[in-house]
Amino acid sequence: MSQTLEDMRDSAAFPFDNSYARLPQHFFARQTPSQAAEPWLIKLNEPLAEELGLDVALLRRDGAEIFSGNMLPDGADPLAMAYAGHQFGGFVPQLGDGRAILLGEVVDRNGQRRDIQLKGAGQTPFSRRGDGRAALGPVLREYIVSEAMYALGVPATRALAAVSTGQPVYRESILPGAVFTRVAASHVRVGTFQFFTARGDVDGVRALADYVIDRHYPELRDAGNPYVALFEAVCERQAALIAKWLHVGFIHGVMNTDNMTVSGETIDFGPCAFMDVYDPATVFSSIDQQGRYAYANQPGIGQWNLARLGETLLPLIDADTEKAVEAANVVIGNYGERFQTHWLGGMREKIGLASVEDGDLDLVQSFLALMQTQQADFTLAFRRLSHLAADDSAEPAFLASFRDPDAARAWLERWRQRLEREMEPAAQRSAAMLRVNPAFIPRNHRIEQAIAAAIEDADFSLFEALLTVLARPYEDQPAFAAYMEPPKPEERVVETFCGT
Ligand code: AMP
Ligand code: MG
């Protein structure tokens with residue numbers, strides 16, 4: 001192993017440049033990962049490794065050691081980040097990376113700075129009563145869903161590797177342990193800001209805000225009031241992000257403020273899942289008894305979380321609190337409109353409208369209402385509508401998505417009348433719709449099947465197959481047609497669990 005380490009020094013396997021580690025000491029705790037007994041590399045995301053400028057050949061050879069935390073690449077400065085957060089509405093002044101360790105940052109081939117973080121590599125000073133470990137199931141879920149989100153065009157943290165540790169973790173039952181390597185634009189959360197505010201540490205908030213502006217929003221440095229501009233920019237990215245979640249039927253599941261980035265990437269895929277039949281009240285998470293984070297509640301919760309971010313920024317916005325509150329309120333007050341613009345814009349695309357008319361919102365809403373009352377699969381209904389846009393012979397398949405085809409026929413009639421006022425040829429409209437209405441989403445029953453095969457039989461073929469299909473979600477892949485299908489009644493998975 002010592003020789004491998006030497007090789008790595010020679011080849012500088014990771015071109016680290018660790019900016020977070022240069023922030024004030026109380027922003028984090030330095031922490032070396034724990035050792036894993038018998039690490040085995042389940043999966044390495046080679047295209048992503050290339051994009052990050054990493055030495056792929058070396059990672060193929062030593063990935064198990066590196067991505068388990070057993071071997072520290074040269075230049076790593078491992079640390080656990082401090083943060084706080086509102087969990088289900090209740091404030092917890094200290095959370096922090098209890099089972100995640102930031103190895104460091106690299107500047108990728110596109111000039112973007114990216115965090116590389118191990119999740120499940122042992123305890124940190126923020127572990128509280130937790131073991132710092134991760135179970136295989138949640139690691140595979142996060143791998144599948146984050147890569148699916150990327151392919152769907154939804155900003156999200158990425159999966160670089162999954163490693164099995166060869167050690168058990170103890171939850172309600174004994175499960176195989178694993179480590180997930182996550183890549184993020186950064187791991188700064190709304191809750192990171194709250195950590196400093198909770199301690200009355202305005203200098204900390206300012207240092208963090210300046211860091212975030214430099215890293216994610218450098219164009220705001222010269223804004224009249226950079227902190228109002230920062231708040232506005234984060235609201236804009238989150239409004240755009242949550243609209244995209246709704247467009248693909250994604251339910252995050254734990255939208256606590258510690259699970260919301262300021263970069264605008266989806267993060268912390270705990271009990272997340274995609275909806276099959278359209279129902280705005282859909283909830284999967286076992287711990288979300290009240291439906292706080294149900295599908296249709298996500299935009300409102302996003303605004304609630306952003307209001308918490310706004311509170312932390314008040315002392316930076318203006319020394320006069322009243323003026324600061326006024327400025328922040330204007331921004332948070334505009335969130336609803338921002339969200340609606342993104343949401344309706346995307347929904348127009350989903351039903352094939354390029355022009356804008358007053359009645360479009362109603363046309364979209366009546367389609368959603370139809371899906372709900374007729375128990376239609378959200379993904380298939382839009383996909384079949386996309387085919388139908390250019391091909392009348394696709395009509396029976398579309399109608400078959402609904403319990404009562406006549407109700408669907410009535411809506412189709414309205415839709416066709418609206419399309420008469422569109423300019424594009426039908427073939428072009430259909431092609432555009434097929435680019436925004438996926439054929440494949442990571443359906444929950446498929447994820448569960450892949451996890452069960454991995455845990456029970458050490459069989460990763462379903463996991464691999466899912467990754468293959470989901471890498472091209474907007475292409476009809478006839479060989480994988482079965483992966484488009486919603487679950488049969490006996491296959492339905494209605495509850496998902498946090499990784500903890
Ligand atoms: P999450 O539910 O993954 O967003 O985590 C919420 C908080 O609990 C974070 O501070 C995590 O670091 C911490 N946490 C979750 N699981 C563990 C674990 N197994 N060991 C230590 N801390 C954990
Ligand atoms: Mg979290």
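Colleague: Asparagine 259 and aspartate 268: buried or exposed?
Modeller: Both are buried. Buried means under 20% relative accessible area, exposed over 50%, and partly exposed in between, computed with a 1.4 Å probe on the protein chains only.

Colleague: What kind of model is this?
Modeller: This is a predicted model, in which local features need pLDDT of at least 70 and side-chain atom pairs count only at pLDDT 80 or more, while totals for chains, interfaces and linings use all residues. Residues are numbered from 1 along each chain as its sequence is written, chains are lettered from A and ligands numbered from 1 in the order in which they are written, and side-chain values use heavy atoms, with hydrogens and water left out.

Colleague: Which protein donors does the magnesium ion have?
Modeller: The magnesium ion (ligand 2) has Asn259 (OD1) and Asp268 (OD), lying 1.9 to 2.1 Å from it. Donors are N, O and S atoms within 2.8 Å of the metal (3.2 Å for Na, K and Ca), and water is not among the atoms, so sites may look incomplete.

Colleague: Where does aspartate 268 lie?
Modeller: Aspartate 268 is in the loop between β11 (250-251) and β12. Helices (H or I, at least four residues) and strands (E, at least two) are DSSP runs, numbered from the N terminus. Aspartate 268 has a relative accessibility of 12%. Its phi is positive, about 60°, although aspartate 268 is not a glycine.

Colleague: What does arginine 182 touch?
Modeller: Leaving aside neighbours within four places in sequence, arginine 182 is in contact with several residues, including Asp115, Glu142, His187, Ile267 and Asp268. Contact means heavy atoms within 4.5 Å.

Colleague: Where is arginine 182, then? And is it buried or exposed?
Modeller: Arginine 182 lies in strand β10 (residues 174-184). It is buried, with a relative accessible area of 1%.

Colleague: Which side chains join arginine 182 in polar contacts?
Modeller: The side chain of glutamate 142 does, at 3.4 Å, and that of histidine 187 does, at 3.1 Å. A polar contact is a pair of N or O atoms within 3.5 Å; within protein, one must be able to donate a hydrogen and the other to accept it, and residues adjacent in sequence count only if both atoms are side-chain atoms.

Colleague: New topic. Which domains are assigned?
Modeller: Domain 1 (5-184) and domain 2 (190-344). Such bounds come from an automatic or database domain assignment. The C-alpha centres of domain 1 and domain 2 lie 24 Å apart. The contact takes 35 residues from domain 1 and 37 residues from domain 2.

Colleague: How many residues are in the largest nonpolar core?
Modeller: It has 130 residues, and those touching the most other members include Tyr20, Ile351 and Trp415. A nonpolar core is a set of buried Ala, Val, Leu, Ile, Met, Phe, Trp, Tyr and Cys residues joined through side-chain atoms within 4.5 Å. Helix α7 (residues 226-248) gives the largest share of this core, 15 residues. Domain 1 and domain 2 both give residues to the core, so it lies between them. Another core, of 25 residues, lies apart from it, and Leu58 and Phe67 are among its members.

Colleague: What about helix α3; where is its kink centred?
Modeller: The kink in α3 (residues 56-68), of about 85°, is centred on aspartate 62. The bend at a residue is the angle between axes fitted to the seven residues ending there and the seven starting there.

Colleague: Why is α3 largely enclosed by the rest of the structure?
Modeller: Because ten of the 13 residues of α3 are buried. Leu58, Asp62 and Phe67 are among the buried residues.

Colleague: What happens at the start of α3? And what follows α3?
Modeller: At the start of α3, a side-chain oxygen of aspartate 55 reaches to within 3.3 Å of the backbone nitrogen of alanine 57. Glycine 69 follows α3, with a positive phi near 95°.

Colleague: Last one, glycine 96: where is it?
Modeller: Glycine 96 is in the loop between β5 (90-92) and β6 (100-107). Its relative accessibility is 6%, which counts as buried. Glycine 96 and phenylalanine 126 are 30 residues apart in sequence and 5.3 Å apart in space, C-alpha to C-alpha.
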